Every structure is written in structure tokens, then in C-alpha cells.
Amino acid sequence: MGATRTTAARQPGQGPAADTGFAQMMPDAFVERYLEAPGAFVAPTAEARAAAMEIVGRTYDAANYAAKFGIFDDWKTVATSGFDPDTQVWEVVKLRNDSVLKYSAGIMKELSLLLDSVNMDNGSSSDDDSGSGPAADAETMDISQSEADDAEDSDDAEDSDDAEDVALESSGEEANADEDDGDSDAAAADPNAPKPSILDDEFFSLAEVEAFADEGEEEEMRYRAILAGDYPKAPEGEDEGESSDDDDDDESIDMFQDVGGLDDDDDDDEDSDMDGEGAAGPRADEMKYADFFSPPIGPKRGTAKPADDKPAKRVKFDAGAAGESDAGSESDSDGDHPVPTRKSNLFDDEDDDSSKAGTDNKSEFERRQEKLQSMISKLEDEAVSDKHWTMIGEVGSNKRPKNSLLAEDLDFDHVQKPVPVITQESTVTLEDIIKRRILNEEWDDVERKKDIQAKPFRPSEAVELSDKQSKKSLAEVYEADYMAQRAGDQFVPEDETKLAAAHKDVDSQLRNLFVQLDALSHFHFAPKPAVADITIRTNAPALQMEEKLPVSMTHADQLAPGEIFDKKQRHAARTGDIVGDSELSREDRKLRRQRQKGHAKKLALQKAAQKGPAPKPSAPPEPAKGKVKATKAR
Amino acid sequence: MDEDAEDELIISADQLLVSTTAAAAAGSAGPSSPAAGDKPDFAPLSAKDERGARGEIRRVRVPPHRLSPLKRDWMKIYTPVVEHLKLQIRMNPKARMLEVRTCDETEDMGAVQKAADFLRAYCLGFSPEDALALLRMEDLYLDTFEIKEVKTLTGDHLSRAIGRLAGKDGKTKYTIENATKTRIVLADSKIHIMGTFQNIKIAKNAISSLIMGSPPGKIYAHLKIVAARMKGRF
């Protein structure tokens, strides 16, 4: 498809001018059918595609014959016979299109900015001025892009073509202007028409400086207006230099542009759009003063040289109208040289209009006086008016605007020490100190302060004097002293034993009480403190039964006291004396023997009495056995 | 010559002891000059030999205000004198004299003097128990002085001084007694103090300052210090 495109639809020899109906009829129809009825592009149809391709093809052909593009390649026809349509023909076309694309991309950037303005300024004259040439410029880009897309994907290309056509349509008129701008060489910067001033000398011209400053200001204003959306009109009766300025403003400056290679073909965009300073193509190191500035006037600089026809710069807002009128009037008045109108005098602070009007008429003195007067009036106004709130003195919050303190740098005394900022370093140092202190055991424990004056040395106050009559006599007092001296701590005077006992009792009671209180109040168990105590342990059996019977019985125990001692009897046995055998007298011995005999007799009689009842022969045990047996059987 | 006579009278330690020094030996001409190198060895004398043929007798006059207390405390007086000192004592009611004399059983020659002191203390006004300390301790002394020896006071001043000395219910007097371990007897304008020498001195100072007019509180403070010092709590 792409291969046939280049040769189809048009005769190669025909230029775009031959097709007069192209600019109006075809695009309009396309617009009506496809752009204003956007639903047409929802579903791809063969009709829409064909129409789009038709337009694209035409623009591409038109672009081919632009004089500009003669520099790329002078292709009139492309021999496509024998080429493989998909790849080889495409490669050929691509060779051409690449360079075109590059250039076209730059142009598209500019156009994108001016889209809206062109819509608004439909009736502007500049639009009418546009010819087919600039249209071709934009269209060329679109065509080239569409050609690129075609080979790859037909469906996508259609959509992209449509999009580009929209852009194309809207920016068609503007592109013409741009084309015109691009075609023409930008005029060199005109040296200002000399306006004689005191400061002028060989090299310096005040008028030039002011003109330069005005230029910069106007550019700045224009740029701002464009950004704000208020696109300036094309200047009246000006050539492309003005527009080129617009281009210059709109296009961002390439900071990395190789200044030395200004004449390179690659940078044709910047080259053509610049003010013509580098249009001649001097290299950076070949640029000279004469390229930029007109030769210094010198002392003879009173007459203005005929400068190039540099149009007066006009700012495109209301003030500009006045400037324009001034410019127009001045240019009319001065036939010799077009005096460029300046909006601002660089060294004037006041309104330019008022001063400008009479600048020429006033003398040096008058001007200085005027300046002084203006300064004086300004100072007077300041003096009369209210002071700034910072100069008033004590200011409350109602005297100053809201949040105005935040903007002010206040200086006041800080009463407290500033809070130390805790940084990583400070933490690390602190931790080091802590570790060192712990290792060295340098603690900062608080030590209890002892008040030296608090406790005077008064041992006498511990002594208690008794004012009662002492119960001890003097002898006992000295006796106690003596005994205390002898025995030391072991001696406890008598009356103090009771006291000591009482003390001990109280002590034990208190100890008991405290143990109980501790048990109640402490969470942990605290056992009772051990008290040294002597306990007598008898190794007695745990079980002790009361014995009524005596364990042993002696003769002496058995005797009654009356038997031991009898007052009436005198013999040895009864008086209670313990006498041995050798001590007994004869009679006593006799008595004793009689007594013993009598005892023996008695005993014998008693025994005989016990055994007295004649012991009967015992019953034979046989019947008992039988009984026993009987019982056992049961 | 006089010097020699004086030397004879004075019995110095040199004479009693054996001394090889020529000066002492040459000068001395004492009656009991021992032979050089020999130490005399005397057996203790028995009581009989000590007192000689005649026994000693002491008489102590009993003032009228002590007569009835004497009757009341007779046994307390009689017993220690007779049983411990082994003396003989009797009261002569007509002459109002207490008489003490040695007997065969007496062992200690100084007992008579002690008994006399004991009786005298009782007659001054001390209780028999307090006076008994005189018998038991040898270091106790009796000191008597009058108020006018300290300061001349008359009439009400004197009465007030006596009142100051005694204190309310005898408080001040007892305080001094307890602090200094003495016994004090206030007999109108006479003051008797019984105790050891040092204690008597302290008590006397306290009483003198009281007579002079210092307030009892001051005396108490001073006595406190004294008592603390005596108890050993410096």
C-alpha cells in the first residue's frame, strides 16, 4: 500500500498549486463528515480510511515539492517497480522520510502551542495570508508520519492520520504564518537609531541599551501572555522577523546547542528561527563585534546611520497600542530614519508616558528638578503615611496583619537555656560515659549530709537525776558500787533484778509483737528470730504411765513412823537410831533375837493356816477332757 | 644537838628499814635500829595486848530531839555495835549519854572509834542505816558547816535559804544526795554531810551555791554533769 502511495493519486509533475481545490474542498468535506461528526471514527470504515489516506497522500505530495525539502533529497519519483512492496519500497521511502520527520517534529511543537489561538482568531488577516506553502509544511509532517505508520499497521495509521488531520485542520492557518516565518531569513538585529544622550560615547549608546531592554521586556510579556493563553496577534505590517521572534519565544532554548556548529544542517530549526544572528552561519569563534553591533559612532555620532529596516517592536497589549501609535507617529514624522519607539526610559522610575511626552522639551536642569521633586513627594508620602507595623513600637496582635510574625525574624532574649538537641553523637558519647563509669564504679550516689552542729556533746543529759528519797541507805549504795566494781557487768543490784526481769518481760513481749506485725505487713515470709534458750530435755520415754505400785520397796518404806520411833520403848530398834550389830548391848541383842524368833513363828503359823484345809486329792482329769472335746466339737 | 633530838623523835623510813648507806646509818640512833641486814619480824598483836590493861570507853551525848528516835532505833544501833564490832554499849538516860567500851571479845582496836563515830552520826540526825555505812567503810567522813559560814543571812533570808536548800518535799536535798552519793542533814542552820571526801566537796559546793542564791535548776544542771562524770558517761 505504501509503495503505490507515492506514485498514485497524483501526477508527480504536479505541484500542490495545481490542486486549487485541495486546500478548501477536500479538507472541508473531510471535516464535515468525519471531524464534526465524531461518531464516524468509532468504528473503522473503509470510506473513512480511504478519505484520510487521500488527504494524507495529497499533503505528502505537496510537501515533496516544497522548496525547503529540496535540500533533503530531490526526489521526484521513486522507482518502485521490481521492489518488494512490503520491505524494499518501504525502506526507500523511509530513507527519505527520516530527515523530513526530524524537521517536521520541530514544526509540530510550535504548532501545538498555537492551536487554540488559531481557533479564536479565525477572522484574522494573518490567517488569510497563509498560502498553501505553510500548510504543506505541517501536512508534510503528517504525511511522513502516516507513511511510517502505514507500512506497519494500517488500522493504527488511520487513527493517527485522523488525529493528525484534526491538528492539521486547526492549525492550518497558523502553519502558514509559521511557514512564512520559517522561509524568510530573519533580519539582523538593527542598531538603534541614535538618540543623543550625555552618556553616549564611542562604544556606548544609551538609546541602544534602552532599545535592547525594551526588546527583552516585550519578549517576556509576550511569553507570559502566551502561557496565559492570550496569544498575541500577528503584528501589522511587519515581516516575518516578528513572527520569528514569536517562534523564538515559544521554542525553548536549547542550552546544549553546539554554538560552534551553527551552520550544521542538523540544526536547521534553530538556525532558521533565530533572529538571523547566525543566519549567515559564522562559527562561534568567528563571531565578531561587527556581527552584533553597529560600529561605534564616536564623537560624530549625532546622525543616525540608515539602519536595516528593523520594525519597531510593539508589545501587544493596551499599552502597546499607545506605543504603536507613537511608533507610527514618530516613524511618520522622522522620514530620514525610523525612530524606534521605546516604551521605557531605563533610568526613569516614573510613569513612562508622562515623562516621555515631554522628555524632549525639558532641559537637563528641569529634568533633574523633576526627579528631585518626585523623590521629595515620595518621601513626604512616606513620612505622612502610617508606619509599618514593625516600626510602631509595642504591637499587639490587632495592630499587625494575621500571621505576620511568622514572616518576621524577631530577636528577643531567651530566658531559659535552649533545649539540648539530642543527636546520635550525643547519645553515643553519653553511653560511653555511662559504660566507663560503670566499669570504674564511679557512682554519683547521694550521700547523707551530717549536720555537725545538730547534736551537741551532752552526755550529762543522758543521766537522770532522781529527786526522791533514795530507798537504799548509804551503806547499800556503796556496797552496790563496790560489788559492781568487783564483779563488773555480772553484778546486778538487788532492786534492779526486778527491773531487769520486767525489762526482759517487756522485751520478749515487744519482740513477739513485732514478729506478728512483720508477718502482717511484709509480703515475704520472715521467720521468727532465733532466741538462745536453754531447754532441759529429759530422755524420758514418750509414754509414761502412772504407776501406783512402787517400783521398789524397802523395809524402811514399809515401816510406819510409829514403828521406827517409839517414845516408850528404849531399845535401839525403836528409838530411830541406826545401830550396827557390834554396837548393840547384851540385852538389846537378846531382845532382837526374841523378836526374830517370834516373827518366824508367826510366819510359820500363817503358812500352816493357808495350807490348813486338807488338800483333797484332785479330780481325775478324764471327764474334763471329754467335756473339752465336746465343746471343741461345737 | 637539837637536830639530833629531832632526829630521834622522827621515825623515818630509813631507820626502820635496813639501809647500807653510810649517811643514814651513821646519823641514826633510833631505839629500834635493827641490825644491819636483819629485818625485824613482829607477830601481830592480839587485841588484848593491843589495848593494854585498861579498856577504852567512849561517850556520846544524845541531843534531846534524838532521844525518842534512839529508843525506837535502839536495836538497829545496838546490834551492829555489839555483834559486829564486839563492843559493849549502854545508854545512860540520866546523863543522856551513850557509852561504848571495849571488852574481852573485842578484836579490833579501832572499833571503839568507829562505834563512837557511828553513834555520833546517829545523834546528828542521820538514820541508823546511813550511819551504818561509817562502820562498814573507812573512807566515809562527816562534814558539818553552818549557813552563816557561807553567807550571813538573817531572818527571812535565812529561812528562805533553808527552804531553798531543802526544796519542795526535800526535792533539792534528795537530788543532791542522789547525785553525789552522800547523805545530808539540815538542822536549822547547820548542815551535816556524810560521804567520801570528794563527794562531800561536791555536795558542799552545791549547797553553798544554793545558799548564795543560785536557782535550783542551775544546780540540777551542774549535778547532772557531775553525776554523768561519776557514772563514767563522759
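In chain B of this predicted model, residues 24 or more positions apart account for 56% of the contacts with a separation of 6 or more. A pair that illustrates such a separation is Asp73(B) and Pro128(B), which stand 55 residues apart in sequence, while their C-alpha atoms are 7.4 Å apart in space. Leaving aside residues up to four places away in sequence, Asp73(B) touches Tyr122(B) and Pro128(B). Asp73(B) belongs to the loop between helix 5 (67-72) and helix 6 of chain B. Is Asp73(B) buried or exposed? Its relative accessible area is 11%, and because buried means under 20%, Asp73(B) counts as buried.

The wider composition of chain B may be considered next. Its secondary structure consists of 13 helices and six strands, and 35% of its 234 residues count as buried.

Two further loop residues of chain B deserve attention for their backbone angles. Lys86(B) is not a glycine, yet it has a positive phi of about 60°. This residue is located in the loop between helix 6 (74-84) and strand 2 (88-92) of chain B. Its relative accessible area is 29%, so Lys86(B) is partly exposed. Arg96(B) is likewise not a glycine and has a positive phi, here of about 55°. The loop that holds Arg96(B) runs between strand 2 and strand 3 (97-101) of chain B. With a relative accessibility of 41%, Arg96(B) also counts as partly exposed.

The axes of helix 10 (residues 156-166) and helix 11 (residues 171-180) of chain B come within 4 Å and cross at roughly 50°. The two helices of chain B are therefore oblique to each other; an angle under 35 degrees would have counted as roughly parallel, and one of 65 to 115 as roughly perpendicular. Which residues make the contact? Helix 10 of chain B contributes Arg164(B), Leu165(B) and Ala166(B), and helix 11 of chain B contributes Lys171(B), Thr172(B) and Lys173(B). Sorted by class, this contact contains two nonpolar residues, one polar residue and three charged residues.

Attention now turns to chain A. Its secondary structure comprises 25 helices and zero strands. Of its 634 residues, 24% count as buried. When contacts in chain A between residues at least 6 apart in sequence are considered, 65% of them join residues at least 24 apart.

One of the helices of chain A is helix 24, which covers residues 586-610. From its first C-alpha to its last, this helix of 25 residues reaches 37 Å, close to the 36 Å expected at 1.5 Å a residue. How many of the residues of helix 24 of chain A are buried? The count is one among 25, and the helix is thus hardly covered.

It remains to describe how the two chains meet. The contact draws 20 residues from chain A and 28 residues from chain B. The area buried between the chains is about 1,900 Å², and carbon and sulfur atoms give 64% of this area. On the side of chain A, Leu465(A), Leu474(A) and Tyr478(A) supply 34% of the area that the chain buries against chain B, more than any other three residues.

Definitions and conventions:
Residues are numbered from 1 along each chain as its sequence is written. Chains are lettered from A and ligands numbered from 1 in the order in which they are written. This is a predicted model: local features need pLDDT of at least 70, side-chain atom pairs count only at pLDDT 80 or more; totals for chains, interfaces and linings use all residues. Side-chain values use heavy atoms; hydrogens and water are left out. Axes are lines fitted to C-alpha atoms, for helices over the stretch in contact, and angles run from 0 to 180 degrees between N-to-C directions. Angles under 35 degrees count as roughly parallel, over 145 as roughly antiparallel, 65 to 115 as roughly perpendicular and the rest as oblique. Contact means heavy atoms within 4.5 Å. Ala, Val, Leu, Ile, Met, Phe, Trp, Tyr, Cys and Pro count as nonpolar, Asp, Glu, Lys and Arg as charged, and the others, Gly among them, as polar. The expected span of a helix is 1.5 Å times one less than its number of residues. Buried means under 20% relative accessible area, exposed over 50%, partly exposed in between (1.4 Å probe, protein chains only). Buried area is the accessible area (1.4 Å probe) that two parts lose on being put together, summed over both.
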